[in-house]
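I wrote them in the order in which I looked things up.

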Amino acid sequence: MYGLPRPSPWVWRLIIANGVVLLLLKALLRVAVPSLVFVPDLPSALRHPWTFVSYMFVHAGLIHLAFNMLILYSLGTRVEERMGSRTFVLFYLYCGLGGALFSLGLAALQPNPVAGASAAVLGVAVAYAMFWPHAELMVFPLPWPIRARTLVIALLVLDLVFALLAPGDGLAHIVHLGGAVFGFLFLRFQGL
């Protein structure tokens, strides 16, 4: 019998944590959101150092959360199985932190507050593409499969183009790129 694969331990925990945070923030703690998002400005980042991590668990809404968690579920389970749970969760957090640091370094291109797990998730996607570059993935609405490496490269190129041409479009393109760059460097230095 075919079905959906069971999420690996940390993928499951991260999905639950992100969902719980969204529910709490939407239902009870809306006023806390500004103190949890990352602002790519050195004085603000130093005054609120927890935001280097907390921003990864704050999402703009259900669609934003669902998109990130769908990618984490689809690609992260195999990556966690390959890396091991401890390395995977450290890698995930490292990529998210890398996205924040990258946006801080390029604050002129990413002036707006940042929220969401996209940097960490894109780091996971980079790992997937490096481990299984020729794996074929179905991506809605495309009617044909696309190779993992091609998909990740296309996402990175789109993020780069939009970061340069539409820096104020409300999406954290620089943060996404930072998560990918830090993920790539992590894998290269670890020899994975």
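Entry 1. I began with the second largest pocket of this predicted model and sorted its lining by class: 11 residues are nonpolar, 1 is charged and none is polar. I then listed the residues, and they are V126, A129, M130, P133, R149, V152, I153, L156, L177, A180, V181 and F184. The space in the second largest pocket is about 200 Å³.

Entry 2. I turned to the largest pocket, for which I recorded a volume of about 1,200 Å³. Its lining comprises 38 residues, and F67, N68, I71, V121 and L155 are those nearest the centre. Two or more lining residues come from each of α4 (62-83), α6 (118-131), β1 (136-138), α7 (148-165) and α8 (173-190). By class, I found 27 nonpolar, 10 polar and 1 charged residues in the lining of the largest pocket.

Entry 3. I next looked up how two helices pack. Such a pair is described by the angle between the axes and the distance between them. For α1 (residues 9-27) and α5 (residues 85-105), the angle is about 40 degrees and the axes are 9 Å apart. The two helices are therefore oblique to each other.

Entry 4. Which residues of α1 and α5 meet? From α1 I listed P9, W10, V11, L14 and N18, and from α5 S85, F88, V89 and Y92. This contact has 7 nonpolar and 2 polar residues, with no charged ones.

Notes: Residues numbered from 1 in each chain as written. Predicted model: local features only at pLDDT ≥ 70, side-chain atom pairs only at ≥ 80, totals over all residues. Heavy atoms only, no water. 1 Å grid on protein atoms, 1.4 Å probe; cavity = no way out; pocket = protein on both sides within 12 Å on 5 of 7 lines; lining within 4 Å. Points joined across faces, edges and corners; volume = space filled by probe spheres on them. Helix = DSSP H or I, 4+ residues; strand = E, 2+ residues; numbered from the N terminus. Nonpolar A, V, L, I, M, F, W, Y, C, P; charged D, E, K, R; others polar. Axes fitted to C-alpha atoms, helices over the stretch in contact; angles between N-to-C directions. Parallel < 35°, antiparallel > 145°, perpendicular 65-115°, else oblique. Contact = heavy atoms within 4.5 Å.
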